[in-house]
Amino acid sequence: MEYAGFDRPRLSGGTLTATALKILVAGGFGVGKTTMVGTISEIRPLHTEELLSDRGVGVDDISGVETKIATTVALDFGRITIRDGLWLYLFGTPGQDRFWFMWEELALGALGAVVLVDTRRLQDCFPAVDYFEKLDLPFVVAVNCFDGARRHDAAKVRRALGLDESTPLIMCDARDRASVKEVLTTLVTHSMSIR
Ligand SMILES: Nc1nc2c(ncn2[C@@H]2O[C@H](COP(=O)(O)OP(=O)(O)O)[C@@H](O)[C@H]2O)c(=O)[nH]1
Ligand SMILES: [Mg+2]
């Protein structure tokens, strides 16, 4: 099996080889990346988490996510079967600046990315948006509608992020399977329409 973000499934001996489409889930710290991967993954998602250590205190901004005691230091990994021989592999990117070095490798061969946004901390997603724009990697912006967060209208969020009209922006709930599925479908459709 191979990652085939940029390739069509290859024919070998008249049958399609197994194809895995790689999708990144990015966004700021505590925005719901781990939750999103866990909600949709059909395998027990692999998390590489580390309790917020003393070293992280003062470095990691946890305002608004006080209940969050663990932070993803490496990545989240999950899988969804679209049909026999076609899988989506989800990679939740590390949220903190000090793990930026991993992004380049993660983005290799990716079909596209989901940028998760928490409207209470909108600015946290700017680095991800900038990164995928520069990389020319198709992405969608998914606003994770946390309880208690003001419901922003999509047009305002779009303007605040300076998003291109062609970039899809949708509201979602990272804890809801149908909602996450809609986000991923939007991304796959968007990526396919660009390629
Ligand atoms: N109310 C609400 N809480 C959420 C939602 N998504 C995630 N959370 C919570 O927000 C916290 C941070 O989520 P997490 O997935 O760990 O964020 P990550 O740092 O981006 O991986 C966790 O305590 C989640 O349970 C959501 O859609 N609504
Ligand atoms: Mg996480």
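**Charged pairs and the overall picture**

Modeller: Let's start with a pair: glutamate 42 and arginine 79 join their side chains in a salt bridge, 3.3 Å from N to O. Keep in mind that this is a predicted model.

Biologist: Where do glutamate 42 and arginine 79 sit in the chain?
Modeller: They link distant parts of the chain, 37 residues apart. Glutamate 42 is in the loop between helix 1 (33-40) and strand 5 (46-51), while arginine 79 belongs to strand 6 (residues 70-83).

Biologist: How many salt bridges does the structure hold?
Modeller: Five. One of them is between aspartate 118 and arginine 120, with the closest N and O atoms 2.9 Å apart.

Biologist: Is aspartate 118 buried or exposed?
Modeller: Aspartate 118 has a relative accessible area of 3%, so it is buried.

Biologist: Which residue does arginine 121 pair with?
Modeller: Aspartate 124; their side chains meet in a salt bridge at 3.3 Å, N to O. Aspartate 124 is partly exposed, with 26%.

Biologist: Changing topic: which residues form the negative surface patch?
Modeller: Asp130, Glu133, Asp164 and Glu165.

Biologist: Where does aspartate 130 lie, and how accessible is it?
Modeller: Aspartate 130 lies in helix 3, which covers residues 126-135. Its relative accessible area is 39%, so aspartate 130 is partly exposed.

Biologist: OK, zooming out. How many helices and strands are there?
Modeller: The protein has five helices and ten strands.

Biologist: What share of the residues is buried?
Modeller: Of the 195 residues in the protein, 50% are buried. The accessible surface comes to about 10300 Å², and carbon and sulfur atoms account for 54% of that.

Biologist: And what about contacts along the chain?
Modeller: Looking at contacts with a separation of 6 or more, 70% are between residues 24 or more positions apart. The glutamate 42 and arginine 79 pair, 37 residues apart, also links distant parts of the chain.

Terms used
Residues are numbered from 1 along each chain as its sequence is written. Chains are lettered from A and ligands numbered from 1 in the order in which they are written. This is a predicted model: local features need pLDDT of at least 70, side-chain atom pairs count only at pLDDT 80 or more; totals for chains, interfaces and linings use all residues. Side-chain values use heavy atoms; hydrogens and water are left out. Patches are made of residues with over 30% relative accessible area and no salt bridge: like charges are joined within 9 Å, nonpolar side chains (Val, Leu, Ile, Met, Phe, Trp, Tyr) within 5 Å. Accessible areas come from the Shrake-Rupley method with a 1.4 Å probe; for residues, only the protein chains shown count as cover. A salt bridge is a side-chain nitrogen of Lys or Arg within 4 Å of a carboxyl oxygen of Asp or Glu. Lys and Arg count as positive and Asp and Glu as negative; His and the chain ends are not counted. The place of a charge is taken as NZ of Lys, CZ of Arg, CG of Asp or CD of Glu. Helices (H or I, at least four residues) and strands (E, at least two) are DSSP runs, numbered from the N terminus. Buried means under 20% relative accessible area, exposed over 50%, partly exposed in between (1.4 Å probe, protein chains only). Contact means heavy atoms within 4.5 Å.
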